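I had the sequence and the model open side by side today.

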Amino acid sequence: MDVERARNRMVDALRGAGRVRSAAVEEAFRAVPRHLFLPGLPAADAYADEAVAVQFTEGVATSSASQPSMMAIMLEQLGLRPGHRVLEIGAGTGYNAALMSRIVGPAGSVTAVDIDEELVDRAAVHLASAGVLGVDLVAADGAHGHPPGAPYDRIVLTVGSDDVRPEWVAQLAPGGRLLLPLAVRGSQLSVALDLGPDGVLRCDSVRSCAFIRLRGAAAGVDASRLLDGLGVALQTPDDAPEPDLEEVARALADPRERRAAPVPLGAVDVWDGFGLWLALTEPGACRLLAVEPETVLPDDLLRLGSTGGTVALADPADVPGLAAVVAAEPPGPGPVAVAVREFGPGGAALGARMLAALDGWAGAGRPGAADWRLTVVPAGVDAPTLPAPQVIVKRHCRVLAESPASSVVEP
Ligand SMILES: C[S@@+](CC[C@H](N)C(=O)[O-])C[C@H]1O[C@@H](n2cnc3c(N)ncnc32)[C@H](O)[C@@H]1O
């Protein structure tokens, strides 16, 4: 296959789908040969709109060339200009660094850090074979940024983070932008954060994403816990009280009423549509994930979502119980009818709350990830706040999540 034709076809498709919007990003995708960053892969695969895993550790992907659609979305969010100084954390194959280097040009600079020395060596070979000069590759833990090159106009993580590290904020130039896939109550969101003179980072651009997570000093803990004997994991927000797993498992073994919900859900709604809404408006929101494909629970509880799982409500402060969104018909490509199943003695009250939340979400126009405005307040910085469920307390910052309907409360 003619690689140039394949590349142009990929870029045409990215443009047609609205992923590539600016001339600068389009030019970079047309100019940089992705296949040279994925040696050994047939050209048809190198120019497919797919992520390609390039490294596995104990069967789990620890590095990949990201999906071109997602890269385009993030490059548009990043708003690079010629002359910008850029730090990338998660160099991987070096392809994204090459695209960014093309956009910032010889007056700018790109430093790309990866925690894995072998990947950095391979990225250097890829960049050389593509004739890309001017990318500074560093083998280091990006948790600490890269102080020698600071300040940066843009810092971009192409690896998921649970928090906003003070090092990254400190290494941003005044008015600089930090773009990262950030864990927000069970969703991962690509957020473009602009550093204000008051030390607060404000974001007008949020997108859904699903990146490999950081290793090293900033590695997060896995927030999902296996429920004994059910083949199901419970995922609660890391700023929520410790769940009583035995109580949740007991409730799930006690299915009760099932109430039809008037709001159909599509796969993406389960996570970053209604799921995100629930997580940011209800303190007891949690998610149930299938960990074994053969898991069978009442109502095919886990047949929702893209990976098999659903959203639920379990308020540890109330009577033990749980309410979960269940599929009312076999999941299809579009939105499907859903119901709310109540479990355990506290299920009825939680089911009523879940139905009210579904109504609230539908009434607000079914907002998705892109409809939320996020503000990151680093630890030690004073700023107006929001009602409790919309404030996510992390170790190094508070994340304030504003839906179009929410109001800021003075502290
Ligand atoms: C999705 S890949 C990045 C893809 C890359 N941008 C490209 O264009 O090929 C994520 C990368 O983050 C790296 N990574 C994980 N933890 C890291 C850390 N603490 N510091 C720097 N890189 C890290 C992984 O080794 C992996 O290569």
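**Ground rules.** I am working from a predicted model, where local features need pLDDT of at least 70, side-chain atom pairs count only at pLDDT 80 or more, and totals for chains, interfaces and linings use all residues. Numbering starts from 1 along each chain as its sequence is written, and side-chain values use heavy atoms, with hydrogens and water left out.

**Entry 1: α1 and α2.** I started with helix α1 (residues 3-16) and helix α2 (residues 23-31); helices here are DSSP runs of H or I with at least four residues, strands are E runs of at least two, and both are numbered from the N terminus. The two axes come within 9 Å and cross at roughly 155 degrees. Axes are lines fitted to C-alpha atoms, for helices over the stretch in contact, and angles run from 0 to 180 degrees between N-to-C directions. I therefore put α1 and α2 down as roughly antiparallel (under 35 degrees is roughly parallel, over 145 roughly antiparallel, 65 to 115 roughly perpendicular, the rest oblique). I looked up which residues touch (contact means heavy atoms within 4.5 Å). From α1 they are Arg 7, Asn 8, Met 10, Val 11, Asp 12, Leu 14 and Arg 15, and from α2 Glu 26, Phe 29, Arg 30 and Ala 31. By class, I get 5 nonpolar, 1 polar and 5 charged (Ala, Val, Leu, Ile, Met, Phe, Trp, Tyr, Cys and Pro count as nonpolar, Asp, Glu, Lys and Arg as charged, the others, Gly among them, as polar).

**Entry 2: α2 and α5.** Next I checked α2 against helix α5 (residues 95-104): the angle is about 125 degrees, with the axes 9 Å apart. That pair is therefore oblique. On the α2 side I found Ala 24, Val 25, Glu 27, Ala 28, Phe 29 and Ala 31, meeting Tyr 95, Leu 99, Arg 102 and Ile 103 of α5. This contact splits into 8 nonpolar, no polar and 2 charged residues.

**Entry 3: α4.** How many residues of helix α4 (residues 68-78) are buried? I count 11 of the 11, so the helix is largely enclosed by the rest of the structure (buried is under 20% relative accessible area, exposed over 50%, partly exposed in between, with a 1.4 Å probe and protein chains only). Among the buried ones are Ser 69, Glu 76 and Gln 77. Just after α4, Gly 79 takes a positive phi of about 60 degrees. α4 also packs on α5, at about 40 degrees with axes 12 Å apart, which makes α4 oblique to α5. Met 71, Leu 75 and Leu 78 of α4 meet Tyr 95, Asn 96, Leu 99 and Met 100 of α5.

**Entry 4: α8.** In helix α8 (residues 245-252), Val 248, Ala 249, Ala 251 and Leu 252 are buried. Down the axis they fall within an arc of 160 degrees, so they line one face (the arc is that of the directions from the helix axis to the C-beta atoms). Glu 246 and Arg 250 are exposed on the face turned away from the buried side. The buried residues pack against several strands, including β10 (224-227) and β12 (255-260).

**Entry 5: Thr 375.** Leaving aside neighbours within four places in sequence, I find Thr 375 in contact with Val 200, Leu 201, Arg 202, Arg 398, Val 399 and Leu 400.
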